[in-house]
Amino acid sequence: MEFVLIAVAILVVGLILGIGLLVGRGRRTTRLDEDAAAGTTLTRPRPPQPSAPPAPAPPAERAPPAEQAQPDTVQPEAPPEPTAPLPPAEPEPGLVIETPPPSAGRLVRLRSRLARSQSSLGRGLLTVLARERLTEDDWEEIEETLLAADVGVAATTEIVERLRTQAMVLATASGEELRALLVRELTAVLGPDLDRSLAVDRHDGRPGVVLVVGVNGAGKTTTVGKIARVLVGDGRSVVLGAADTFRAAAADQLETWGERVGVLTVRGREGADPASVAFEAARTGVEAEVDTVVVDTAGRLHTKSGLMDELGKIKRVVEKQSPVTEVLLVLDATTGQNGVIQARVFTEAVDVTGIVLTKLDGTAKGGIVISVQRELGIPVKLIGLGEGADDLAPFEAEEFAEGLVGSAN
Ligand SMILES: Nc1nc2c(ncn2[C@@H]2O[C@H](COP(=O)(O)OP(=O)(O)OP(=O)(O)O)[C@@H](O)[C@H]2O)c(=O)[nH]1
């Protein structure tokens with residue numbers, strides 16, 4: 001009996017201790033949360049910080065319609081997302097607004113930047129073509145030179161065939177004549193008659209909207225800034241939209257580009273809905289009656305359907321305000337065939353109307369212009385030839401071919 005009483009007593013003491021421990025833990029949890037609210041330990045999401053200006057609720061007619069993922073299904077209107085744009089940064093005191101040069105003739109000024117392509121492609125071809133009688137080995141060398149410069153198989157075959165038909169002429173041609181002939185042949189495969197004009201004009205009393213798409217790091221944000229300068233230099237009024245809300249620095253970067261040429265940048269908070277920022281940019285452009293709104297987008301290649309949804313939504317939402325007149329895909333020329341594969345994903349997601357090839361100054365593979373155009377069936381409209389603010393030029397087939405082949409001496 002005594003034994004039983006001792007066992008019961010031990011059990012009761014154990015129970016009391018166990019309950020005490022559990023209660024203690026519960027308190028600790030509570031305390032952590034209280035600490036978090038006081039700003040010492042963060043264990044749950046914080047409420048919005050006071051440093052961010054409170055977002056005024058946008059009036060109903062101004063708010064972009066929230067849309068669902070499926071582009072072609074009509075969804076009931078959901079409440080708008082609170083993504084009012086942040087006010088533009090105050091311009092720095094004493095900031096001088098620059099007047100960029102017009103875009104015409106820029107490629108002539110910048111074509112010496114194609115030096116790396118020129119020495120491997122242009123000079124390589126001229127050296128072989130200058131040989132007295134071209135053997136099969138020589139033709140193979142020509143083919144290899146073209147392929148090494150990323151001209152692509154189909155265009156390489158075409159160029160070699162065209163040159164072969166002129167073998168008689170080649171045999172007697174002077175250095176200068178050979179040069180001219182090569183420029184002519186390269187110009188022909190570059191599509192001299194393609195329409196490369198940028199659709200940036202107002203339509204039905206509303207601004208033309210240019211969406212700029214592409215993978216991160218291709219030079220997209222820089223290119224949007226440079227495009228703003230091209231447009232301002234050509235006498236157009238512009239609003240920029242920083243819809244690459246994925247990276248906060250991208251909006252800062254764009255704002256700086258805009259400020260330099262007196263152009264307003266509409267931006268949202270980091271992580272805001274890109275479509276809402278694009279919508280606000282278009283709305284601002286409509287209200288300010290500018291010629292063109294240029295929108296930088298985030299180039300996340302998470303999944304093809306995700307990209308399609310995002311770009312499709314941006315386009316549809318913007319078009320509630322103003323027509324999307326141009327969709328430019330920015331590609332890094334130094335990424336070669338990889339870039340072309342990435343490009344395909346974008347062309348399937350959105351109706352791309354023009355290509356911008358950046359960083360052509362840093363590559364020996366200038367032939368990428370030819371292969372990208374052919375493989376995607378979309379004209380190259382602008383090319384990036386350096387990090388300078390005005391190192392973006394409208395593409396011109398003959399001037400580009402001249403740059404690849406180089407001068408006669
Ligand atoms: N050499 C050279 N550099 C360029 C050219 N265009 C852009 N760049 C550089 O490429 C780098 C990337 O440019 P960004 O504009 O930040 O690239 P992005 O695609 O916007 O990247 P995210 O903002 O991360 O999406 C920068 O250092 C640019 O200066 C070009 O034509 N030539």
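Is Asp-150 buried or exposed, and how many other C-beta atoms lie within 10 Å? Asp-150 is buried, with 26 other C-beta atoms within 10 Å, where a residue counts as buried if 20 or more other C-beta atoms lie within 10 Å of its own, as exposed if 12 or fewer do, and as partly exposed in between, the C-beta atoms being placed from the backbone. The coordinates belong to a predicted model, in which local features need pLDDT of at least 70 and side-chain atom pairs count only at pLDDT 80 or more, while totals for chains, interfaces and linings use all residues. Residues are numbered from 1 along each chain as its sequence is written.

The protein chain has 409 residues, of which 41% count as buried, and its secondary structure comes to 14 helices and eight strands; helices (H or I, at least four residues) and strands (E, at least two) are DSSP runs, numbered from the N terminus. Among contacts in the protein chain with a separation of 6 or more, 77% join residues 24 or more positions apart, two residues being in contact if their C-beta atoms, placed from the backbone, lie within 7 Å.

The eight strands of an open sheet follow the order 3-2-4-1-5-6-7-8, with mixed pairing; two strands pair if DSSP finds at least two bridges between them. Strand 3 (264-267) and strand 8 (392-394) are the edge strands, each pairing on one side only, and the twist averages 25 degrees from one strand to the next. Within this sheet, strand 2 (residues 238-243) and strand 4 (residues 292-297) run parallel and are joined by six bridges, and Ala-243 has Thr-297 in strand 4 as its bridge partner.

Helices lie against these strands. Helix 8 (residues 220-233) lies across several of them, including strand 1 (208-213), strand 5 (324-332) and strand 6 (354-358), and runs at about 170 degrees to strand 4. Helix 13 (residues 368-376) packs on the sheet as well, touching strand 5, strand 6 and strand 7, and its direction makes about 155 degrees with that of strand 6; axes are lines fitted to C-alpha atoms, for helices over the stretch in contact, and angles run from 0 to 180 degrees between N-to-C directions.

The largest nonpolar core has 95 residues, and those with the most contacts inside it are Ala-228, Leu-240, Ala-278, Val-294, Val-295 and Leu-357; such a core is a set of buried Ala, Val, Leu, Ile, Met, Phe, Trp, Tyr and Cys residues joined through C-beta atoms within 7 Å. Because domain 1 (106-189) and domain 2 (208-352) both give residues to this core, the core lies between them, the domain bounds coming from an automatic or database domain assignment. Leu-357 touches, among others, Leu-331, Ile-368, Val-372 and Ile-383, not counting residues up to four places away in sequence.

Two aspartates stand out in the loops. Asp-150, in the loop between helix 4 (136-148) and helix 5 (153-164), has a positive phi of about 65 degrees although it is not a glycine. Asp-204, in the loop between helix 7 (175-189) and strand 1, also has a positive phi, near 50 degrees, but Asp-204 is exposed, with 6 other C-beta atoms within 10 Å.

Met-308 is placed in helix 11 (residues 304-318) and counts as partly exposed, with 17 C-beta neighbours inside 10 Å.
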